[in-house]
Amino acid sequence: MNQRRKWGVLDSRGGLHRGAGPILLEGTATPMCCSPLGYAGSDYLIVKFWHRFSGSNWLWSNGCCGNSKSMKNILVTGGAGFIGSNLVMTLQERFPEARIVVVDDFRSGDFENLQGYRGDFVATDVSRLDFEQQFRDLTFDAIFHEASITDTTIHDQQLQVHDNVEGFRRVLEFAVTHQTPVVYASSAATYGTKQTLMEEGMVPAPANIYAFSKVQLDNLARVYARQNLAWRIVGVRYFNVYGMNEAHKLKAASMIYQLYRQMVVGKRPRVFVGGEQKRDFVSVKDVVEMTIRAVGAPASRVYNCGSGVPFSFNDVIASLNGALGTNLEPEYIENPYSFYQPHTEADMSLAKQDLGFTPQFRPDAGIADYVQSLQKL
Ligand SMILES: NC(=O)c1ccc[n+]([C@@H]2O[C@H](COP(=O)([O-])OP(=O)(O)OC[C@H]3O[C@@H](n4cnc5c(N)ncnc54)[C@H](O)[C@@H]3O)[C@@H](O)[C@H]2O)c1
């Protein structure tokens with residue numbers, strides 16, 4: 001059952017004190033969307049939770065002050081990449097007083113994505129970084145781990161698994177000392193070739209080495225979380241993300257961007273025969289919103305992050321035609337792959353229940369919004 005309460009601090013009997021903003025709590029005695037941060041004196045449990053900040057913006061905050069300015073030090077790995085840079089720029093806007101540090105070795109990132117960034121930048125490989133030495137006494141309020149090899153056509157198994165898994169292990173080893181909340185990028189690729197609604201509880205079935213490395217991240221997070229029950233390690237399982245700052249990914253950019261590039265110069269969009277393969281395309285704007293909210297998750301776990309709407313390549317072409325004012329017919333080409341995922345679809349109910357998150361962009365609206373931004377470039 002949902003109920004609205006005031007924000008503030010929880011006393012030892014679960015009563016809430018101080019604060020004025022409304023928050024949405026799940027349940028009655030125990031507010032499920034609050035995460036314990038520690039104790040203030042013997043009577044008060046300090047909690048952090050979501051509160052309505054202004055208009056439709058939702059931010060998490062520490063219950064002791066109910067103020068978004070409480071997030072003072074934020075670490076983002078992979079911050080020069082597509083999702084990372086969108087996240088960094090949103091964090092900078094929402095937490096203008098915060099010290100933001102990006103760690104990225106530019107293997108698939110681009111400085112151009114961080115135009116206007118005012119924070120600190122460490123250009124190094126997270127899988128080899130001595131975090132303790134680098135940051136010494138700096139304690140972060142949250143760590144967002146986006147760094148990863150993201151080109152799924154890199155088949156070097158040792159490289160994919162070493163860099164992706166060891167990078168995350170180092171983040172966790174650093175974060176465990178102060179139990180800094182960690183939100184990390186998992187992937188829908190962990191589900192493999194399933195054609196049904198994808199639920200977080202499903203057994204992983206990675207079909208390539210990239211997906212296998214992401215399964216290892218989920219496994220590692222589970223081990224650390226079990227040993228540290230009060231700590232939050234939250235996986236955000238991204239589906240097919242599209243949006244600004246993905247151009248540098250070239251062939252690894254979203255299908256929406258690839259088709260846009262063809263159509264904007266008047267070419268017929270090329271897709272595999274039939275064009276009815278469906279993907280759960282999610283706007284990077286929704287991805288950023290949910291990633292930030294995940295800091296306040298009630299428990300360590302993995303959450304799907306999609307639009308919840310499977311959308312075919314033919315649908316994408318129709319939406320792009322609508323947004324561009326064109327009428328280009330698809331050109332169907334033979335599929336050279338023996339394996340090609342026919343359908344992805346995120347079950348978003350857990351994200352809604354625990355994080356109060358509902359994607360704002362259905363794929364057609366998200367594509368129109370994206371094309372508008374691309375045309376301003
Ligand atoms: N874009 C998607 O559709 C999608 C889907 C599922 C999961 N993800 C995950 O989201 C995260 C961000 O992906 P993206 O789409 O922004 O890709 P991206 O390639 O644009 O960003 C990844 C960034 O991490 C950096 N990086 C990689 N390995 C590093 C290392 N060892 N040390 C330091 N920096 C390193 C790269 O230079 C790059 O800037 C990744 O973890 C990816 O696996 C993305």
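In strand β10, phenylalanine 121 is the bridge partner of valine 102. Strand β9 (residues 99-103) and β10 pair in the parallel sense, over three bridges. Two strands pair if DSSP finds at least two bridges between them. Strands (E, at least two residues) and helices (H or I, at least four) are DSSP runs, numbered from the N terminus.

The model is predicted: local features need pLDDT of at least 70, side-chain atom pairs count only at pLDDT 80 or more, and totals for chains, interfaces and linings use all residues. Residues are numbered from 1 along each chain as its sequence is written.

β9 and β10 belong to an open sheet of seven strands. The order is β10-β9-β8-β11-β12-β13-β17, and the pairing is parallel. β10 (120-122) and β17 stand at the edges. Each has a single partner strand, so one side of each is left without a neighbour in the sheet. From one strand to the next, the twist averages 20 degrees. Such angles run from 0 to 180 degrees between N-to-C directions, and axes are lines fitted to C-alpha atoms, for helices over the stretch in contact.

Valine 302 in β17 is the bridge partner of glycine 235. Both faces of β17 (residues 302-305) are covered. Val302 and Asn304 are buried on one side, and Tyr303 and Cys305 are buried on the other. A residue is buried if 20 or more other C-beta atoms lie within 10 Å of its own, exposed if 12 or fewer, and partly exposed in between; the C-beta atoms are placed from the backbone.

A further open sheet has three strands in the order β14-β16-β18, with mixed pairing. Its edge strands are β14 and β18 (310-312), and each pairs on one side only. Neighbouring strands of this sheet are turned by 55 degrees against each other on average, direction ignored. β14 and strand β16 (residues 278-283) run parallel and are joined by three bridges. Phenylalanine 281 in β16 is the bridge partner of asparagine 240.

Helix α6 (residues 284-293) is mostly covered. Nine of its 10 residues are buried, among them Val284, Asp286, Met290 and Arg293.

Two helix pairs were examined. Two packed helices are described by the angle between their axes and the distance between the axes. The axes of α3 and helix α4 (residues 209-227) come within 9 Å and cross at roughly 20 degrees. α3 and α4 are therefore roughly parallel to each other. Angles under 35 degrees count as roughly parallel, over 145 as roughly antiparallel, 65 to 115 as roughly perpendicular and the rest as oblique. The crossing of α3 and α4 is right-handed. A crossing is right-handed if the near helix is turned clockwise from the far one by less than a right angle, and left-handed if anticlockwise.

The axes of helix α5 (residues 255-264) and helix α7 (residues 313-324) come within 10 Å and cross at roughly 50 degrees. α5 and α7 are therefore oblique to each other. Their crossing is right-handed. Helix α5 holds tyrosine 257. This residue counts as partly exposed, with 18 C-beta neighbours inside 10 Å. Tyrosine 257 and leucine 374 are 117 residues apart in sequence. In space they are 9.6 Å apart, C-alpha to C-alpha.

Most residues other than glycine have a negative phi. Glutamine 179 is not a glycine, yet its phi is positive, about 50 degrees. Glutamine 179 is found in the loop between α3 and β12. It is partly exposed, with 14 other C-beta atoms within 10 Å. Leucine 250 also has a positive phi, near 50 degrees. Its place is in the loop between β14 and α5. Leucine 250 counts as exposed, with 11 C-beta neighbours inside 10 Å.

The ligand is surrounded by 29 residues. The closest are Gly78, Gly81, Phe82, Gly109 and Ser148. The largest share, three residues, comes from α1. The shell divides into 11 nonpolar, 11 polar and seven charged residues. Ala, Val, Leu, Ile, Met, Phe, Trp, Tyr, Cys and Pro count as nonpolar, Asp, Glu, Lys and Arg as charged, and the others, Gly among them, as polar.

Terms used. Near = placed C-beta within 6 Å.
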